[in-house]
Each structure stands twice: as structure tokens, then as C-alpha cells.
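Here is a quick tour for anyone meeting this structure for the first time. Have a look at the model, then read on.

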Amino acid sequence: MMEKNISRPLQCAAVHDLSGFGRCSLTVALPVLSSMGVQVSCLPTAVLSTHTGGFQGYTFRDLTEDMQPFFRHWQKENFRFDALYTGYLGSEEQIHLVDEFLSLFRTEENLILVDPVMGDHGRLYSLYTPQMAAGMKRLCARADVIVPNMTEAAYLSGMPYQEAGHSRDYLEKMCEKLLSLGAKNVVLTGISPEEGRIGAACHDGREMRIYAPERVNAAYDGTGDLFASVLLGALLRGWGLEKAMMLAADFTRDCVARSLANGTDRHHGVDFEPILWQLGKRILDP
Ligand code: PXL
């Protein structure tokens, strides 16, 4: 008997680091997108022993030199992607290279999602420089969707950072400033319009929608990557921006809740593995 829903896998090129330990970047993007029926091709920017947000003495192998030969080979092979997805970038030069990569692989139909991974909790990550932050603005200008957290949104928009208590007016101004960089859609993550609620806001250039369910009181590393990966998977499967945002927020919250209940260390990332199948089921068998 024929299986229903047979379709070619969607193809995504993911430009992120590979952090060996601590679920984030490629070790999140790969399983999440695969579970959503998306084939992921990896353009790794660096290989680290752990991510940089909570471990001492991590190794960092910069792969800047490999990036251009890597994607030039892909170009020769004539590979095409339904989505170009960029995350953590390790140097200013990498940002230039990603610019070139986007120019080469951009098509009329494909979707560029730029996650401007720069910092959290009001501060830039330890290896992040102001020059890199400036370069990130250029990448955002080319994106169909950007997914900054509130720290990144503040840096990119020039607006003051607020940890919580975000008014609709503040969020709307922030989205408008980010849209004015050139991005077509903005999804702000980690917004908290009132005590006890946390979620996301999306703006498609016409209107802003807020989704802020009840907060699970914990902060885990890698949740930005998880959110962005789920969002992209849902967009690729044809979901609208608001619905995709809600799925990403719900799935991220469920993973945080389980990790908290399991006593997982916040720097290890969230325990998404046992419930990935639920994500696959939601998206592939609606
Ligand atoms: O999750 C974001 C991220 C990705 N990659 C690396 C990081 C971080 C955050 O700290 O250090 C290497």
C-alpha cells in the first residue's frame, strides 16, 4: 500500500558551529529539522568541545578557511536548497563569507532565515565583537526571517535592552526598527509582556502578533537554536508565520519543562530527544 504524504525531503543548508557537548547550534538544528522531514546539509563554521556559554577551557577550531571551498564545491555540484539557515558565526570574516554564500545560493523561491546569534541576558557572547555585531546587521538585511532574542534585538535596533515587562509599544517599535534593516519578517524570542508569561512576537511588515504562554521558570542554553530550528521546519512545511511561531514556542517550553523536571544542567541544553517524535507527528501528520 502506498504511504500517504510521500514527498521529496525539503533541503536546508545550515551554517552553524558544531559544539561537541551542550545541545545547541548544529546538534539541535540537525535532529530537529530531520524530524520535521527536512534534509540538512551542514556548512560548519567552527568545531568546539562545548559551546561558549558556561564551560571553562573549551577548544575552538575555526573553520573560516574551509567555508569558501566548501560552498564553492556545493555550487559546482549544483546543489539547491529550499532554505538557507545561518546561526552562530565565529568571526567577522565568516560574516563576509556567509554574505557570499547567500548571494550564490539565493533563489526566487528559497527562504533565508538568519538567527543573529550574538548574546543573551543583555550581554554579547564572550567571543563576540562589536564589529561582528555590525556585520550581522548586513546579514539581517538579506533575510526573509530573523529570529533575535531580546538582547540581540536591542543591539541590532539600537533600542535599550529590557529584561522583561515588554509593552506592546516597545515590541512594536523594536520590530519596526528591525524590519527597517531590511528583514522581511521578524520573530522576537524571549519576550515577557507580563510577570509569569514568556514567548515570542512576530511581525510580517503589516502587523505584530504576540504569543506569551505561562512561563516555565528556567533558562536553558541552546533554546534559541531550538526555537529557530522548529520555526524554520514549520515554515518550510508551509505553515504561516504566527502558527510556526506558536509551535516553536510551545515545543521549546515543553522541552524546558521536562529538562527542569529531570534536573538537567542548564548548560547541557534541553532534553528534546524523547519528544522529537511528537514534533514530527505534529508537522508530518497534521
Ligand atoms: O546557542 C547559541 C550558541 C551557539 N554556538 C556557540 C555558542 C552559543 C551560545 O553560547 O557558544 C558556540
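## What lines the largest pocket

Let's start with the lining of the largest pocket, whose residues split into 19 nonpolar, 18 polar and 11 charged. Keep in mind that this is a predicted model. In total, 48 residues line the largest pocket. If you want to find its centre, look for Asp120, His121, Asn149, Tyr220 and Thr223, the lining residues that lie nearest to it.

Which elements give two or more residues to that lining? They are strand 1 (10-21), strand 7 (123-124), helix 5 (150-157), strand 9, helix 7 (223-236) and helix 8 (241-262). As for volume, the largest pocket comes to about 1,300 Å³.

## Asp99 and its two arginines

Now for the charged pairs: the count is 15 salt bridges. One of them joins Arg138 to Asp99, with 3.6 Å between the closest N and O atoms. This pair ties together distant parts of the chain, since Arg138 sits in helix 4 (residues 130-141) and Asp99 in helix 3 (residues 92-105), 39 residues apart.

Is Asp99 buried or exposed? Asp99 counts as buried because its relative accessibility is 17%, and the cut-off for buried is under 20%. Arg138, at 36% relative accessibility, counts as partly exposed.

Asp99 also meets the side chain of Arg142 in a salt bridge, at 3.0 Å from N to O. Here too distant parts of the chain are linked: Arg142 belongs to the loop between helix 4 and strand 8 (145-146), while Asp99 is in helix 3, 43 residues away. Arg142 is partly exposed, with a relative accessible area of 25%.

## A bridge between two loops

Which residue does Lys184 pair with? Its side chain meets that of Asp144 in a salt bridge, 3.4 Å from N to O. Lys184 lies in the loop between helix 6 (168-180) and strand 9 (185-191), and Asp144 in the loop between helix 4 and strand 8, so the pair links distant parts of the chain, 40 residues apart.

The two partners fall into separate accessibility classes: Lys184 is partly exposed at 45% relative accessibility, whereas Asp144 is buried at 13%.

Definitions and conventions: Residues numbered from 1 in each chain as written. Predicted model: local features only at pLDDT ≥ 70, side-chain atom pairs only at ≥ 80, totals over all residues. Heavy atoms only, no water. Salt bridge = Lys/Arg side-chain N within 4 Å of Asp/Glu carboxyl O. Helix = DSSP H or I, 4+ residues; strand = E, 2+ residues; numbered from the N terminus. Buried < 20%, exposed > 50% of the residue type's maximum accessible area, 1.4 Å probe, protein only. 1 Å grid on protein atoms, 1.4 Å probe; cavity = no way out; pocket = protein on both sides within 12 Å on 5 of 7 lines; lining within 4 Å. Points joined across faces, edges and corners; volume = space filled by probe spheres on them. Nonpolar A, V, L, I, M, F, W, Y, C, P; charged D, E, K, R; others polar.
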